[in-house]
Amino acid sequence: MANKATCLSLPSPVMEVDFEDRFRKWHSCDPADLYTAPVRKHVPEDKLDIKRTLEEEARKCHWLVLWFDCDREGENIAFEVMEVCKGVNRNLTIRRARFSALIESGFQMQWALGK
């Protein structure tokens, strides 16, 4: 069987972080309580199609190579994608490409290195 690669693009983070419902209204608690209030990370309704696509592809894969910007948002998105994909395929081998320019030689080098 031939090797196959599928590339997906994400428009933004997949998940949101919110306070639990009892802390979400303006006058529901003392604002100081928010420093210790529990939060939940979840996929909002408008991103469920993205989550389903990631899960569908992850079920068919052996490798997951993440190519996100090397900044805080890129790191966050990478960990969100890993969480979603590992949720349906715990056997994935995960690698992270690191690049600082959108030029062909940079992509080719990272692909060849398998990082």
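## Helix packing and a pocket

In this predicted model, helix H1 (residues 48-60) and helix H2 (residues 72-86) have axes that come within 8 Å and cross at roughly 60°. The crossing of H1 and H2 is right-handed. Axes are lines fitted to C-alpha atoms over the stretch in contact, with angles from 0 to 180 degrees between N-to-C directions; helices are DSSP runs (H or I, at least four residues).

Contacts, meaning heavy atoms within 4.5 Å, join the elements below.

| Element | Residues in the contact |
|---|---|
| H1 | Lys 51, Leu 54, Glu 55, Ala 58 |
| H2 | Val 81, Val 84, Cys 85 |

By class, this contact has 5 nonpolar, no polar and 2 charged residues.

Ile 50 also lies in H1. Leaving aside residues up to four places away in sequence, Ile 50 touches Leu 10, Pro 11 and Val 14. Its C-alpha atom is separated by 10.0 Å from that of Val 81, 31 residues apart along the chain.

The second largest pocket has a volume of about 160 Å³. Its lining includes Phe 19, Phe 23, Trp 26 and Asp 30, and divides into 6 nonpolar, 1 polar and 3 charged residues. A pocket is an open set of points on a 1 Å grid, where a 1.4 Å probe fits, with protein on both sides within 12 Å along at least five of seven lines; lining residues have an atom within 4 Å of a point.

Residues are numbered from 1 along each chain. Local features need pLDDT of at least 70 and side-chain atom pairs 80 or more, while totals for chains, interfaces and linings use all residues, and side-chain values use heavy atoms, without hydrogens and water.

Note on methods. Grid points are joined across faces, edges and corners, and a volume is the space filled by probe spheres set on the points. Ala, Val, Leu, Ile, Met, Phe, Trp, Tyr, Cys and Pro count as nonpolar, Asp, Glu, Lys and Arg as charged, and the others, Gly among them, as polar. Helices (H or I, at least four residues) and strands (E, at least two) are DSSP runs, numbered from the N terminus. A crossing is left-handed if the near helix is turned anticlockwise from the far one by less than a right angle, and right-handed if clockwise.
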